[in-house]
Amino acid sequence: MDRRDALMKLFSAKGVKVNTNRGEAYYNRLKEMMQKRLDELSNTPAVTKTDINKVLDAEGLSRRDFMKWASAITAMLMLPASFTPLVAKAAELMNRVPVIWIELQDCAGNSEAILRSDSPTIDELILETINLEFNETLMAAAGHQAEEHLDEAMKRFEGKYLCVVEGSVPIGAGKEWCTIGARGETFEKHLLRVSSKSAAVVAVGTCATFGGVPAAAPNPTGAVGVQDIVKGKPIINIPACPANPANITGTILHYVLTGQIPELDHLNRPKFAFGYRIHDNCERRAHFDAGEFVEEWGDEGAENNWCLYKMGCKGPMTFNNCSIVRYNSGTNWPIGAGHGCIGCSEPQFWDKYATERPMADSHFKAPTGGVEKTVDEFGLGLLSAAGIGIAIHAALSATAGKKEEEK
Amino acid sequence: MRPGYKKVERMTTFMRINHWVVAICMVAAIVTGLYIGHPYYQTLISEPAVNKYVMAWNRWVHFMVAIIFDVSSIVVAYLYFFSRFEKPILKILPTPKNIVEFVMVFINLITFNRVKKFDSSHADSFNTVYFLIFHLLLAWMLFSGLQLYVHGLESGHSSIGDWWPWVLHLATDWTVTVTGGTYMDVRYWHHISMYFIIVWVMFHIYYQVWRTIFWQEGDIAIVFGGSKFVKDNK
Ligand code: HEM
Ligand code: SF4
Ligand code: SF4
């Protein structure tokens, strides 16, 4: 990071606020622009045969369900209700925007989250209809065949495709052990090559955005996020473990609608998704304010759905919308299910958030580098040292000191 | 008054009021801050939700105290430069005179008052620098605390207007970068800095008592009556 970047970061002064009322004129202009873009897109040939209406039919979902979903997504993207038809149209045109999805150091959990649900939501179905040109987890091709396909897609859609990345990039010692494809390309080179010809890069999941679990101490592979490697391209981060399908769909939809990336916060996360603090939209918040906390798993507090702060909930320092959109077709979310938030959408979450106890009781490396201490243990050590110092000074003053009147 | 001594004015009424307000607020900030970090009492009392806002009240007190610190800090920062009584800034600038005075006072402290070669009738450089450390620590608590506070204003609105969260972001976002890049780090340093402040307070009280005993000039009275006594050598 050069000095200017560093300074900018220091005084970023970027809240997560999104202005949701920009006036008639603004929205009219926006609508016109979107209309034009969608017209253009609908004139380009659909690359995949999958059509959202057919997919919905197959799942037994009606047009009405689809429109209900479209109005919810319109609200999520913070657009006025009159944009609903445009959003619906954009969803139908999702198969016009080519996507190349690459996987690096990861568990494929984000793909799994989208693909494996037994009653997929419309968000998940929409993601099935995108023009997915390349995805190692899903495609039949392997080896040289797969590589050829990738090269071809990159050439054909140069400057047009979205490069979706899942997983972190190892750049430490031994990075050459992480290779991909028949040519033995390192993850770093693979990422740089595929992203270089893309329109924008979408980092999906916390590993791709901030390094995530592979980057947890002692970070043996020197894992970093996509934004640390790829420069000079628009980057959208959609962290969380796994990233919520609703947020992935929302981001791609926004791109289909406008050809641009959504408004981002200081960590390059879309504000429409990460502009909410877990703690402020948590159903247990009343118990937090009342001072009613779960003290151990299964106790009376747990039975009464009390606040999980003392069990290590990091909702007060975590920005994500899972308290609102939830997971698994809106069934539930971690805090609803009785476990505190581990801050999965924040940088360095594994080391600094997922400690399973309040910050004050978490073990941190002592400044000496040695034994792990809690902040209070360190503080009490400091106070004892000061107390001993003062006691010694007092004792020596009493024996060796000289008061003015004695002089 | 003992013969041969004269009275010198050391703290104005405002300075003394400020001192005690800050001292009381500091105790309140520590007690409530520790509760916020690890709610240590009353998690399982009586029936639920009968006017029971234990965490909310603790946070309320913590933030009220913070606002008092805010106001006090702004006034004190102003007085550093423009006080009509004594401008602390003149004692902080590293001029040769100040450095010599600082070293002399320090030597006196570590030789248990055997080498007292400075004028103790006015605020000395050592004392002023020591208070500067406190004011810097307090400013740090303000900035890091306000950063933690603005996380709750993510809508960009507040009861006093949208300018407030905007100003808070502008003034405190740097605390995230300098502490290590996450909101957790700010919280960690906010908590650990409390201990630096407590250490500061411990030595502060000790030193005032020590001075009173060894200098024999009634230093401890400064913070109550505003003045102390020094030998009249005329
Ligand atoms: C100068 C004396 C202060 C002391 C000793 C102090 C101490 C503390 C402590 C120990 C915590 C708990 C941290 C943790 O373990 O999670 C805390 C939290 C906090 N403090 Fe302070 N603090 C002080 C001043 C301030 C100021 C000036 C503000 C400004 C508004 C502030 C705002 C906060 C906030 C917002 C929290 C987090 C509370 C929450 O998440 O609900 N503090 N403080
Ligand atoms: S469970 Fe977590 S997010 Fe919910 S109120 Fe408690 S601390 Fe906040
Ligand atoms: S509750 Fe917290 S840890 Fe769980 S998914 Fe949401 S942001 Fe991630």
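Buried means under 20% relative accessible area, exposed over 50%, and partly exposed in between, with a 1.4 Å probe and protein chains only. By that rule His62(B) is buried, at 16% relative accessibility. His190(B) is buried as well, with a relative accessible area of 16%.

This is a predicted model, in which local features need pLDDT of at least 70, side-chain atom pairs count only at pLDDT 80 or more, and totals for chains, interfaces and linings use all residues. Residues are numbered from 1 along each chain as its sequence is written, chains are lettered from A and ligands numbered from 1 in the order in which they are written, and side-chain values use heavy atoms, with hydrogens and water left out.

**The iron site**

His62(B) and His190(B) coordinate the iron atom of ligand 1 through their NE2 atoms, at 2.0 Å. Donors here are N, O and S atoms within 2.8 Å of the metal (3.2 Å for Na, K and Ca); water is not among the atoms, so sites may look incomplete. The iron site has 6 donor atoms, with angles of 88 to 179° among them, and is octahedral. Six donors count as octahedral if opposite donors are over 155 degrees apart and all others between 65 and 115. Ideal angles for six octahedral donors are 90 or 180 degrees.

His62(B) lies in helix H2 of chain B and His190(B) in helix H8 of chain B, so the pair ties together parts that are 128 residues apart in sequence. Helices are DSSP runs (H or I, at least four residues), numbered from the N terminus.

**Around ligand 1**

Ligand 1 lies between chains A and B. There are 25 residues around ligand 1, and Arg59(B), His62(B), Arg187(B), His190(B) and His191(B) come nearest. A residue is near a molecule if one of its heavy atoms lies within 4 Å of it. By class, this shell has 17 nonpolar, 6 polar and 2 charged residues. Ala, Val, Leu, Ile, Met, Phe, Trp, Tyr, Cys and Pro count as nonpolar, Asp, Glu, Lys and Arg as charged, and the others, Gly among them, as polar.

A polar side-chain atom of His191(B) lies 2.5 Å from an oxygen atom of ligand 1. Helices H1 (13-37), H2 (54-82), H5 (125-150) and H8 (183-215) of chain B are the elements that give two or more residues to the shell.

**Around ligand 3**

The shell of ligand 3 includes Cys322(A), Cys341(A), Cys344(A), Tyr327(A) and Trp333(A). It divides into 7 nonpolar, 3 polar and no charged residues.

**Salt bridges**

Side chains of opposite charge can pair when their charged atoms come close. A salt bridge is a side-chain nitrogen of Lys or Arg within 4 Å of a carboxyl oxygen of Asp or Glu. The whole structure holds 22 of them over all chains.

| Pair | N to O distance |
|---|---|
| Lys89(A) and Asp39(A) | 3.4 Å |
| Arg269(A) and Glu346(A) | 3.2 Å |
| Arg277(A) and Asp280(A) | 3.0 Å |

Lys89(A) in helix H5 (residues 84-92) and Asp39(A) in helix H2 (residues 24-43) of chain A are 50 residues apart. Lys89(A) is partly exposed, at 27% relative accessibility. Asp39(A) is partly exposed too, at 34%.

Arg269(A) and Glu346(A) are both buried. Arg277(A) is buried, at 6%, whereas Asp280(A) is partly exposed, at 28%.

Salt bridges also form a network that links Glu147(A), Asp151(A), Arg183(A), Glu185(A) and Arg193(A).

Technical notes:
Polar contact = N/O pair within 3.5 Å; in protein donor to acceptor, adjacent residues only side chain to side chain. Tetrahedral: all angles 85-135°; square planar, octahedral: opposite > 155°, others 65-115°.
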